[in-house]
Amino acid sequence: MKNAVVDELISTMREITPKENNLANILMEVLCMSKEAIYRRLRGEVAFTFSEVAIIASQMGISLDKIVGNSMSSGAMFDLNVLHSVEPMENYHEILARYHKLFRYVKADPTTEVITASNTIPYTFYAPYENLSKFRISRWLYQNEKLRTPASLADVVISEKLAKTRKELMESLRQVHKTCFILDECVFSSFVKEIKYFAELGLVSATDVANMKKELHQLLRELELLSEKGAFHNGNLLSIYLSNVDFEATYSYVEKTGFQICFLRVYSINSMDSRDGKVCDYQKKWIHSLKRHSTLVSQSGEIQRMNFFNDQRKIIDTL
């Protein structure tokens, strides 16, 4: 490994190591090496192998983006998370499994914060609903030209493995200590528009539409109750803002002590992400700047909250 990359690796490890802990002792445990072997690496006398870097990145929550990208003079690294399994549902499972692994890593830390500016109904809220979840999957299938899209959501088969991972991810998302959503005012109208379009194409049945309408009303009621409470049912903090401006995309940012990652939604159900420090800081700054054009309606803004949810009910009723 080149010196710049090694220096970045060591610098990053020191940054995330608590002051009361010794980095060499941590690496001895992570890499199962003697103290002298670790110090030779820290002094630059012996280079870290790629496999050692991979182990460090996994065990210490350091991204290879952070290690390699920050050693570059310009540019940043993104993971597009594009998978190539022949079976599309297996691709979908791998996407959810990757996100579950991430949130399993951060959820227990009291410093963890997740903030999202969304122009569609967030996965956190629609995932518990069977028909809404199947519809998002069907829409994704339709975008893949070579894949046959079911004519009814009843034909979308969710394996036990996928159902288990989806449930675990849903639980992990709500176990984060502090969550914030900034919602575009069109989050429900855009979803309803998609349902109508796919119904006209004959890709969802009249029964599917009726079921999704019922679930959207249930989702809206849950979101309203959570907004009033300012927390999930387990007591973890939830802030909800209503934006007065439209978003070009859905942006997310996850942070805890010594770790940060940002997401940009692409390809319907997927997100590309980066752990590059500059990218994460910029995304965090951008999302927080949107609050200036938004109204807080969790435990606040009672009139605005009431008007918003009444308007969304009318939109859902057009189905």
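R174 is buried in this predicted model, with a relative accessible area of 12%, which falls under the 20% that marks a buried residue. The side chain of R174 forms a salt bridge with E222, and the closest N and O atoms of the two are 2.9 Å apart. This pair links distant parts of the chain, since R174 lies in the loop between α9 and β2 while E222 belongs to helix α11 (residues 206–229), 48 residues apart. E222 also counts as buried, at 14% relative accessibility.

The structure holds 14 salt bridges, and a second one to look at is that of E52 and R41, whose side chains meet at 3.1 Å, taken from N to O. Here too the pair links distant parts of the chain, with E52 in helix α4 (residues 50–60) and R41 in helix α3 (residues 35–42), 11 residues apart. E52 counts as buried at 8% relative accessibility, and R41 counts as buried at 10%. Another salt bridge joins K164 to E168, with the closest N and O atoms 2.6 Å apart. These two residues lie within helix α9 (residues 160–173), and because they are 4 residues apart there, about one helical turn separates them. E168 is partly exposed, with a relative accessible area of 24%. Salt bridges can also be linked into a network, as they are for E36, R40, R43 and E45.

From the loop that holds R174, the reader can turn to strand β2 (residues 178–183). Of the 6 residues of β2, 5 are buried, so the strand is largely enclosed by the rest of the structure. Strand β1 (residues 113–118) runs parallel to β2 and is joined to it by 6 bridges; A117, for example, has I182 in β2 as its bridge partner. Strand β3 (residues 237–243) also runs parallel to β2, again with 6 bridges between them, and the bridge partner of T179 in β3 is L238.

A pair of aromatic rings is described by the distance of the centres and the angle of the planes. The structure holds 9 aromatic pairs. In one of them, the rings of Y99 and F263 have centres 5.9 Å apart and planes at 85°, so the pair is edge-to-face.

One aromatic cluster is formed by Y123, Y126, F135, F191, Y197 and F198. Y197, which is placed in helix α10 (residues 187–200), is partly exposed, with a relative accessible area of 43%. Together with Y142 and L201, Y197 makes a nonpolar surface patch of about 280 Å².

Finally, how many disulfides does the structure hold? There are 0 disulfides. The sulfur of C262 has its closest cysteine sulfur in C280, but the 4.0 Å between them is too far for a bond, because a disulfide needs the two sulfur atoms within 2.5 Å. C262 counts as buried at 2% relative accessibility, whereas C32 is exposed, with a relative accessible area of 70%.

Note on methods
Residues are numbered from 1 along each chain as its sequence is written. This is a predicted model: local features need pLDDT of at least 70, side-chain atom pairs count only at pLDDT 80 or more; totals for chains, interfaces and linings use all residues. Side-chain values use heavy atoms; hydrogens and water are left out. Patches are made of residues with over 30% relative accessible area and no salt bridge: like charges are joined within 9 Å, nonpolar side chains (Val, Leu, Ile, Met, Phe, Trp, Tyr) within 5 Å. Accessible areas come from the Shrake-Rupley method with a 1.4 Å probe; for residues, only the protein chains shown count as cover. A salt bridge is a side-chain nitrogen of Lys or Arg within 4 Å of a carboxyl oxygen of Asp or Glu. Buried means under 20% relative accessible area, exposed over 50%, partly exposed in between (1.4 Å probe, protein chains only). Rings of Phe, Tyr and Trp (its six-membered ring) pair if their centres lie within 6.5 Å; planes under 30 degrees apart count as stacked, over 60 as edge-to-face and the rest as tilted. Two strands pair if DSSP finds at least two bridges between them.
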